[in-house]
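The following note sets out a few points on the strand pairing and helix packing of the structure shown below. Each point may be checked directly against the coordinates.

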Amino acid sequence: MTDSVIATKGLRKSYRKTEVLKGVDFNVRRGEIFALLGSNGAGKTTTIRILATLLRPDGGTSRVGGFDVVESPDKVRQSISLTGQFTAVDEMLTGRENLHMIARLRHLDHPRDVVEGLLERFGLADAANRRAGTYSGGMKRRLDLAMSLVGTPSVIFLDEPTAGLDPEARLEVWKMVKELAKGGTTVFLTTQYLEEAEKLADRIAILHGGRIIADATLSELKRLLPPARVEYVEKQPTLEEIFLHMTGKEAGRREEN
């Protein structure tokens, strides 16, 4: 695929005698939101750690941004960012200090401009001088995402980005993810929440039994199911109807009507 920014072929990984990935194949197009869907233990985090060069595969090939994750890990790391299941913010530092720390590690030329821009973009400007430890779960996740964008990576990996968040915070994160994609960032996310994949993803891959068993858009996946059937369900009586029948008042009510 000419516009493919992430590609895996025959990806395999085992832990001791347990084979987690048994030949995983998929491609992610540039600028799309790609969701890897699977239950706990399916191998989602293993896949994302391999793509982010944090884990070496046992077999197969994986390329991110045109570079092989095993042969050119440094090249891959220059173009990606990873946000894990748990926020990686330093709770003793303020929101602004967390961003400045990452900007210095990235050796940016104008770190202050970058930091202030991200604080505004993620709605954290008013809380920038507060310790991150005082932030709500949603605010911490927004700060975590902002830190991931320092240096404008072209690909961002989000591993279970809303795990443990309340519904309101989850909606905040969904909004941020959509904005990232609109800005041209390729978003690869793993999730076990069906609704999350349905709301966010341009394309969904289902990882099951160590392999990708489906890879399509939501509408394409829906067409894989048999046509919906119209079924007539016997209506069960309500407590009110039972009461009227047992007390003999049902006939009286019909007569009144």
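1. In this predicted model, strand β7 (residues 155-159) and strand β8 are parallel and are joined by five bridges. Within this pairing, D159 stands opposite T190 of β8.

2. Is strand β8 buried or exposed? Six of its six residues (186-191) are buried, under 20% relative accessible area, so the strand is largely enclosed by the rest of the structure.

3. In a regular strand, side chains alternate between the two faces of the sheet. In β8, T186, F188 and T190 point one way, while V187, L189 and T191 point the other way. The residues of both sets are buried.

4. Helix α6 packs against helix α5 (residues 137-148) at an angle of about 20°, and their axes lie 9 Å apart. Angles under 35 degrees count as roughly parallel, and α5 and α6 are therefore roughly parallel to each other. Their crossing is right-handed.

5. Which residues of α5 and α6 meet? On the α5 side they are G138, R141, R142 and L145; on the α6 side they are A169, E172, V173 and M176.

Methods: Residues numbered from 1 in each chain as written. Predicted model: local features only at pLDDT ≥ 70, side-chain atom pairs only at ≥ 80, totals over all residues. Heavy atoms only, no water. Buried < 20%, exposed > 50% of the residue type's maximum accessible area, 1.4 Å probe, protein only. Helix = DSSP H or I, 4+ residues; strand = E, 2+ residues; numbered from the N terminus. Pairing = 2+ DSSP bridges. Axes fitted to C-alpha atoms, helices over the stretch in contact; angles between N-to-C directions. Parallel < 35°, antiparallel > 145°, perpendicular 65-115°, else oblique. Left-handed = near helix turned anticlockwise from the far one by under 90°. Contact = heavy atoms within 4.5 Å.
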